Amino acid sequence: MNKSLPSLVVFASGHGTNFKALCEAIENKQLMAHISALVTNVKEAPVIKVAQQFNIKVFEIPHTNHTRASHEAEILKALEQLEIDWIILAGYIRLFTAEFVQKFWDPTLKVARIINIHP
């Protein structure tokens, strides 16, 4: 892993087609970044197997039996151990609160460092 490259954390809930495309783009040097972790809210989601194929750390944090706030707090606690430049929502089926998004606000860019993509 090259520390000078942007560090991405990808959130996905399903099969991981967009996640796999990101991994392959990095592997083929079409995207100059590295993926620090995958976060999924679906227990045993197929995207986990994709992460394992690319040796990417997985945080499986189901949202069931949680309030939105407690689920987001659990995610933030897991992400504390990582350096994160960008969050990529790649088919993630949950909406985040303004408070969560604010945690990733970049005052220099004047945007949240979160990109939302869908298949």
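Q: How many residues apart are E24 and K20 in helix α1?
A: Four: both sit in helix α1 (residues 17-27), so about one helical turn separates E24 from K20. Helices (H or I, at least four residues) and strands (E, at least two) are DSSP runs, numbered from the N terminus. This is a predicted model, in which local features need pLDDT of at least 70, side-chain atom pairs count only at pLDDT 80 or more, and totals for chains, interfaces and linings use all residues. Residues are numbered from 1 along each chain as its sequence is written, and side-chain values use heavy atoms, with hydrogens and water left out.

Q: Thanks! What do the side chains of E24 and K20 meet in?
A: A salt bridge, at 3.9 Å from N to O. The term stands for a side-chain nitrogen of Lys or Arg within 4 Å of a carboxyl oxygen of Asp or Glu.

Q: And how many salt bridges does the structure hold?
A: One.

Q: Which residues in α1 are buried, then?
A: N18, F19, L22, C23, A25 and I26. They cover an arc of only 160° around the axis, which puts them on the same side of α1. That arc is taken from the directions from the helix axis to the C-beta atoms.

Q: What happens just after α1?
A: K29 takes a positive phi of about 60°, although K29 is not a glycine. K29 lies in the loop between α1 and β2 and counts as exposed, at 64% relative accessibility.

Q: Which residues of α3 are buried?
A: H71, E72, I75, A78 and L79. Seen down the axis, they fall within an arc of 120°, so they line one face of α3. A69 and K77 are exposed on the other side.

Q: What covers the buried residues of α3?
A: The cover includes β1 (7-11), β2 (34-40), β3 (57-60) and α4 (98-102).

Q: Since β2 came up, is A37 buried or exposed?
A: A37 is found in strand β2 and is buried, with a relative accessible area of 0%. Leaving aside neighbours within four places in sequence, A37 is in contact (heavy atoms within 4.5 Å) with L8, V9, V10, I56, K57, F59 and L82. A37 and E83 are 46 residues apart along the chain, and their C-alpha atoms are separated by 10 Å.

Q: What about A12, where does that lie?
A: In the loop between β1 and α1. A12 is buried, at 0% relative accessible area. Neighbours within four places aside, the contacts of A12 are L38, V39, T40, N41, V47, A90, G91 and Y92.

Q: Last topic: which residues form a nonpolar patch on the surface?
A: W105, L109 and V111, with about 260 Å² of accessible area together. Patches are made of residues with over 30% relative accessible area and no salt bridge, joining like charges within 9 Å and nonpolar side chains (Val, Leu, Ile, Met, Phe, Trp, Tyr) within 5 Å. Areas come from the Shrake-Rupley method with a 1.4 Å probe, and for residues only the protein chains shown count as cover.

Q: And what does W105 touch?
A: K110, V111 and A112, not counting residues up to four places away in sequence. W105 is in strand β5 (residues 105-106) and counts as partly exposed, at 38% relative accessibility.

Methods: Buried < 20%, exposed > 50% of the residue type's maximum accessible area, 1.4 Å probe, protein only.
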